[in-house]
Amino acid sequence: MKTEYEVVYRTHNTYEENVREAFFSFLILPCQNENQVVRSVTYSNSLEAETFQHTNPFGFEVINLHTVEPFKAFEFQMRAIVEKNMTDFPLEGMLPVQEEQRLLREHLFYLENHQFLGFGHYTNIKEMYHSKLLMRDPEQGVYDYLQKLNAFISDLLEFDPKPTTVCTSANEVLKIGRGVCQDYTHLFIGIARLNKIPCRYVSGYLNQGLELEGSAVMHAWAEAYIPGFGWQGFDPTNNLLADVHYIKASHGSDYSDCSPLKGTLKTNGKQKTSYGVSVNPLLEATPIPQQQMQTQSSF
């Protein structure tokens, strides 16, 4: 299955007082991988400032902009054409549960995946909540468990952008029972890691034609490592597998590694930032019904 998308990212910043010097970093470019080819990329900024790129510690390209010319408003736009090619998940190639369990307990496996097995501010879950979580039975296959975890979190939380911020932790989300895609993803990651399954945070874009939660802005989902297969994307916000409709930009241990915009400014007064994305299919893929995705976990 193949499809092609036009992805546009826009941000508009305004400032109460002149900005005397500014440095911006954008982690918003669609990445290249075995399922995703970036056909073209262009970007521009209203300041006409020079830009340069560098690769972050996880191997993703960051666009940087620096200016010492005073300004009170700033706009940035990125446009990319991306082709997605996704194959079906090979259920028949899964390892026996006993072999999965052995690999998850190996010290070498932990060392190879330690970046995605540890806990930080976003993913550490207090012991007082553990009894309320969906934990994996040692006799349960990893993929089957992760599918059930995806559904568990989707049912547990209510999508609501008002009560959480970019700093909200999994503990806070469990307490209030609602949040956005970032919050669903951090909770999925925290629980997966409690079960010794490597899991990483993914930032990217979602086909807006499916009208799924989180598609209006940059979306977040998780990638978990399935022994014998590799990394597979799970979207607990929508209870779906990440497939041809998901356009990856970057991954990291949590949101702090994948923040789309960071900056340092010399200014006084208040500031306001607004941004949006558009993801338009150019060669439309056949949508995968939600019910079909939910039943793929059966062996």
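Leu111 is partly exposed, at 45% relative accessible area (between the limits for buried, under 20%, and exposed, over 50%; 1.4 Å probe, protein chains only). Leu111 lies in helix α2, residues 107–112 (helices are DSSP runs of H or I of at least four residues and strands runs of E of at least two, numbered from the N terminus). The model is predicted, with pLDDT of at least 70 required for local features and 80 or more for side-chain atom pairs, whereas totals for chains, interfaces and linings use all residues. Residues are numbered from 1 along each chain as its sequence is written, and side-chain values use heavy atoms, with hydrogens and water left out.

Together with Leu108 and Tyr110, Leu111 forms a nonpolar surface patch with about 300 Å² of accessible area.

Thr164 is placed in the loop between β7 (158–159) and α4 (170–176). With a relative accessibility of 10%, Thr164 counts as buried. The side chain of Thr164 makes a polar contact of 2.8 Å with that of Asp183 (N or O atoms within 3.5 Å; within protein, one able to donate a hydrogen and the other to accept it, with residues adjacent in sequence counted only if both atoms are side-chain atoms). Beyond four places in sequence, the contacts of Thr164 are Ile176, Arg178, Gly179, Val180 and Asp183 (heavy atoms within 4.5 Å).

Thr264, in strand β14 (residues 261–266), is exposed at 56% relative accessible area. Residues up to four places away in sequence not counted, Thr264 touches Glu21, Ala22 and Phe23. The C-alpha atoms of Thr264 and His66 are 9.6 Å apart, at a sequence separation of 198 residues.

Conventions. Patches are made of residues with over 30% relative accessible area and no salt bridge: like charges are joined within 9 Å, nonpolar side chains (Val, Leu, Ile, Met, Phe, Trp, Tyr) within 5 Å. Accessible areas come from the Shrake-Rupley method with a 1.4 Å probe; for residues, only the protein chains shown count as cover. A salt bridge is a side-chain nitrogen of Lys or Arg within 4 Å of a carboxyl oxygen of Asp or Glu.
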